[in-house]
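Take a look at the model below. Keep it in view while you read.

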Amino acid sequence: MKTINDSIAIQSQIDSKETISQKDTISKPLPNQIIDYAKTLIGVPYKYGSTDINVGLDCSGFITSVYNHFNIKVPRSSVDFTNYGKKIEWNNVKPGDLILFTGTDSTIRNVGHMGIIISKNNEIEFIHSTSGKDYGVTTTPLNKYYQGRFVKVIRIL
């Protein structure tokens, strides 16, 4: 004959198994999922200080919007990524990593711009929201201009 304590113990075991199986199904997005979603934002205009895709995005607002889409909390400001995530050596860079740059004045070596690496074939290409000539979310090769502003690559996934 089962007692109330036996029933409570059995229900506790069931609840525990359900919690474990639910945790197992909740996982971080794959880097290609981050990239695929980021690419859907190509053409969103640049808007300083904004994380609203309907209004426009600045560079860190773009990163924030992409990661928030997957319920991943990241810093809001590009400079706050300076000591965030894991620094990745150049030979280990992968699509989905974040690439950090100085602001437009490359002599000031603080992080002021950022993007998501989308390919590493013959040359690195990244997606970002720029206030430059492309003005908005776009893809850009790691050209001499951005090489001169390069700070580091980090991984948060």
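This report goes from the whole chain to its sheet, helices, pocket and selected residues.

## Ground rules

This is a predicted model: local features need pLDDT of at least 70, side-chain atom pairs count only at pLDDT 80 or more, and totals for chains, interfaces and linings use all residues. Residues are numbered from 1 along each chain as its sequence is written, and side-chain values use heavy atoms, with hydrogens and water left out.

## The whole chain

The chain has four helices and eight strands. Helices (H or I, at least four residues) and strands (E, at least two) are DSSP runs, numbered from the N terminus. Read from that end, the order of elements is α-α-β-β-α-β-β-β-β-β-α-β.

The chain holds 157 residues, and 39% of them count as buried. Buried means under 20% relative accessible area, exposed means over 50%, and partly exposed lies in between (1.4 Å probe, protein chains only). A contact means heavy atoms within 4.5 Å. Take the contacts with a separation of 6 or more: residues 24 or more positions apart account for 55% of them.

## The sheet

Six strands make an open sheet. Their order is S3-S8-S4-S5-S6-S7, and the pairing is antiparallel. Two strands pair if DSSP finds at least two bridges between them. Strand S3 (86-88) and strand S7 (136-141) are the edges, each pairing on one side only. On average, neighbouring strands of this sheet are turned by 35° against each other, direction ignored. Axes here are lines fitted to C-alpha atoms, for helices over the stretch in contact, and angles run from 0 to 180 degrees between N-to-C directions.

S3 pairs with strand S8 (residues 150-155) in the antiparallel sense, over three bridges. Here lysine 86 stands opposite arginine 155 in S8.

## Two hairpins

Now move to S5 and S6. They pair in the antiparallel sense over four bridges. Lysine 120 has isoleucine 124 in S6 as its bridge partner. The two strands form a hairpin, with three residues between them.

S6 also pairs with S7, antiparallel, over six bridges. Phenylalanine 126 stands opposite threonine 140 in S7. S6 and S7 form a hairpin too, with five residues between them. In that turn, tyrosine 135 has a positive phi of about 45°. How enclosed is S6? Six of its seven residues are buried, so S6 is largely enclosed by the rest of the structure.

Helix H3 (residues 59-69) lies across strand S4 (98-102), S5, S6 and S7. H3 runs at about 50° to S5. Nine of the eleven residues of H3 are buried, so this helix is largely enclosed by the rest of the structure. Among the buried ones are Cys59, Phe62, Ile63, Val66 and Tyr67. Just after H3, asparagine 71 takes a positive phi of about 60°.

## The largest pocket

The largest pocket holds about 450 Å³ of space. A pocket is found on a 1 Å grid over the protein atoms alone: it is an open set of points where a 1.4 Å probe fits, with protein on both sides within 12 Å along at least five of seven lines. Lining residues have an atom within 4 Å of a point. Grid points are joined across faces, edges and corners, and the volume is the space filled by probe spheres set on the points.

Which residues lie nearest the centre of the largest pocket? Of the 22 lining residues, they are Thr104, His113, Thr130, Ser131 and Arg149. H3, S5, S6 and helix H4 (144-149) each give two or more residues to the lining. The largest share, three residues, comes from H4. By class, the lining has five nonpolar, twelve polar and five charged residues. Ala, Val, Leu, Ile, Met, Phe, Trp, Tyr, Cys and Pro count as nonpolar, Asp, Glu, Lys and Arg as charged, and the others, Gly among them, as polar.

Threonine 102 sits in strand S4. Its relative accessibility is 0%, so threonine 102 counts as buried. Leaving aside neighbours within four places in sequence, its contacts include His113, Arg149 and Val151.

Serine 78 is in the loop between H3 and S3. Is serine 78 buried or exposed? Serine 78 is buried, with a relative accessible area of 8%. Not counting residues up to four places away in sequence, serine 78 touches Cys59, Ser60, Val111, Gly112, His113 and Met114.
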